[in-house]
Amino acid sequence: MKKVILDIGMAPAGMAALCAAASGEGIEIAGVCTVGDGAACSDASRQALAVLEKLHRDISVYEGCRDSMARRLYYHPNRNSRRPEKLFPSMKGEAQNLHAVTFLIETLRAAKQKITILTAGPLTNLACALHTAPDIVQAIEEIIVVGGGVRRSDASACAESNFLADPEAAEIVLNCETKVVLLPLDIELDEEQMARMGVKDTLLEELVGMLPSQKEDLFRGYAAGMSLTLPSLLVSEPYAANVSLDHNLTAGMLVLSRSGECIKSGANIVRAVSIDARP
């Protein structure tokens, strides 16, 4: 049984990743952490609870950091249109009375087996946990990060929203001493590819119907969740990577090795370059 923690924000990718992970076989979700990403963190928690309710899954949700570690750079321009009551008007349940960072530290320190962490939001919760308790990295199997962009950006001229929301947090996570798998904005999926992957999820279809302009984000998040049980789904290559901490136009930009051949000794992430959508 693979043990997993999800750390998600309000963006559609987080909802879709949770759908896929909660429906996957052989996965034990230890908890769902939520993080502020331009909307109140409580909104992200209520949205996660609503998804879990629709999936009939009793999984605890832990509210985390409302703001970035060092500075406030980005709020999603469509945050008000993404409030959970507009997506799921009949929500129930409450988040646990324990901060997500505390949950991460306590759960990883007590773990009897290594845990995979999937993030689909700003990396503030995980970075704070790693900064506060560096020893927990030993209990992490791998970190799957939905975020960053190589040739694409969505929040500034050169940065993806999750990285721009907290560049310092992204820099900490990408450089921690464990395997980091990056699923960047460059991974584009459509209905035909999802069908070839065998995806038949009524809640995902419902979400696409409610958020048609963000279906690409939903599909990317769902693929990340699927990769928990199908790691071969992500066709990946090693890269040396970092995040720009500049206070000007390049803040949050993902910086990759430009060498045509990545020197393995310098590689700190595995970047998904495509999706193997073969049936």
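**A buried glutamate without a partner**

E160 is buried yet forms no salt bridge, and R220, the nearest side chain of opposite charge, is 6.7 Å away. Please bear in mind that this is a predicted model. E160 sits in the loop between β5 (140–146) and α6 (161–165). What does its side chain meet there? A polar atom of the E160 side chain lies 2.8 Å from the backbone nitrogen of G148. Leaving aside residues up to four places away in sequence, E160 touches G147, G148, G149, S153, D154, A155 and L185.

R220 counts as buried, at 4% relative accessibility, whereas E216, at 24%, counts as partly exposed. Both belong to a network of salt bridges that also links R152, E188 and D217.

By the rule applied here, the count comes to 10 salt bridges. One of them joins E206 to K54, the closest N and O atoms being 3.4 Å apart. E206 lies in helix α9 (residues 202–210) and K54 in helix α2, so this pair ties together parts that are 152 residues apart in sequence. Another salt bridge joins K179 to E142, at 3.5 Å between the closest N and O atoms. Here K179 is in strand β6 (residues 179–183) and E142 in strand β5, so the parts tied together are 37 residues apart in sequence. K179 is partly exposed at 43% relative accessibility, while E142 is buried at 11%.

Why is helix α1 described as largely enclosed by the rest of the structure? The reason is that 11 of its 12 residues are buried. As to its length, 1.5 Å a residue leads one to expect a span of 16 Å for residues 12–23, and the end C-alpha atoms are 17 Å apart, which agrees.

Finally, a backbone detail. H56, in the loop between α2 (41–54) and β3 (61–63), has a phi near 60°, a positive value in a residue other than glycine. Most residues other than glycine have a negative phi. H56 counts as exposed, at 72% relative accessibility.

Key: Residues numbered from 1 in each chain as written. Predicted model: local features only at pLDDT ≥ 70, side-chain atom pairs only at ≥ 80, totals over all residues. Heavy atoms only, no water. Helix = DSSP H or I, 4+ residues; strand = E, 2+ residues; numbered from the N terminus. Expected span 1.5 Å × (residues − 1). Buried < 20%, exposed > 50% of the residue type's maximum accessible area, 1.4 Å probe, protein only. Lys, Arg positive; Asp, Glu negative; His and termini not counted. Salt bridge = Lys/Arg side-chain N within 4 Å of Asp/Glu carboxyl O. Polar contact = N/O pair within 3.5 Å; in protein donor to acceptor, adjacent residues only side chain to side chain. Contact = heavy atoms within 4.5 Å.
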